[in-house]
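Here's a quick tour of one model, written for someone who likes cut-offs spelled out. Have a look at the structure first, then read on.

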Amino acid sequence: MKKLLTHAAAGLLALSLAGLASAQMKPEDAIKFRQSGYTFMAWNMGKIKAQAVDGTTPFNKDQVAAAANAIAAVANSGMGSLYLPGTDKGKGWKDTRVKPELFTDKEEVGKIAKNFVEQANKLQQVALAGDQAAIKTQFGEMGKACKACHDKFRIEE
């Protein structure tokens with residue numbers, strides 16, 4: 001019981017500090033951080049696609065697993081805290097492409113975000129097992145999770 005309370009207190013402290021840090025963050029920094037996270041994820045998705053889906057690069061289960069680990073890490077990193085008030089407009093590395101609806105349709109955002117994290121975690125698990133066919137299938141599911149948010153909440157270039 002004492003261990004559970006200690007872990008819960010540590011978790012609450014971490015959440016409080018994360019909230020404080022994001023509250024003090026400049027909107028342009030929040031936009032930069034989230035753009036960087038999604039770019040890093042896209043780069044790793046590209047590595048998996050080349051090896052497990054398209055076959056343009058020889059399949060290397062360790063490289064695919066490393067890429068899936070990176071995707072899951074970003075997905076689980078709390079990216080949602082980078083969607084601060086005022087970050088629906090502005091510039092990070094480039095102009096943000098977030099639609100204002102992302103800040104108002106919390107129920108849909110929550111549903112999409114939850115699925116995104118679940119699919120990223122499942123991709124990680126499947127990649128660690130090393131079955132190329134299963135990775136290809138789960139890569140498709142991960143892509144659908146990404147697309148769900150893009151279709152609803154991202155302005156196309």
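Gln119 sits in helix 4, residues 106–129 (helices are DSSP runs of H or I, at least four residues, numbered from the N terminus). This is a predicted model, so local features need pLDDT of at least 70 and side-chain atom pairs count only at pLDDT 80 or more, while totals for chains, interfaces and linings use all residues. Residues are numbered from 1 along each chain as its sequence is written, and side-chain values use heavy atoms, with hydrogens and water left out.

Is Gln119 buried or exposed? Gln119 is buried, at a relative accessible area of 14% (buried is under 20%, exposed over 50%, partly exposed in between, with a 1.4 Å probe and protein chains only). Its side chain makes a polar contact with the side chain of Gln138 at 2.7 Å. A polar contact here is a pair of N or O atoms within 3.5 Å; within protein, one must be able to donate a hydrogen and the other to accept it, and residues adjacent in sequence count only if both atoms are side-chain atoms.

Ala145, over in helix 5, is buried too, with 3% relative accessibility.

| Residue | In contact with |
|---|---|
| Gln119 | Gln138, Glu141, Met142, Ala145 |
| Leu123 | Met45, Ile48, Ala68, Ile71, Ile135, Gln138, Phe139, Met142 |
| Ala145 | Ile112, Asn115, Phe116, Gln119 |

Leu123 also turns up among the residues with the most contacts inside the largest nonpolar core, which has 23 residues. Such a core is a set of buried Ala, Val, Leu, Ile, Met, Phe, Trp, Tyr and Cys residues joined through side-chain atoms within 4.5 Å. Helix 2 (27–54), helix 3 (61–75), helix 4 and helix 5 (132–153) each give two or more residues to this core, and helix 3 provides the largest share, six residues.

Helix 2 has 28 residues and reaches 38 Å from its first C-alpha to its last, close to the 40 Å expected (1.5 Å times one less than its number of residues). It bends by about 30° at Ile48, the bend being the angle between axes fitted to the seven residues ending there and the seven starting there. The buried residues of helix 2, including Met45 and Ile48, pack against helix 3, helix 4 and helix 5. Just after helix 2, Gly55 takes a positive phi of about 75°.

Terms used:
Contact = heavy atoms within 4.5 Å. Lists of a residue's contacts leave out its neighbours within four places in sequence.
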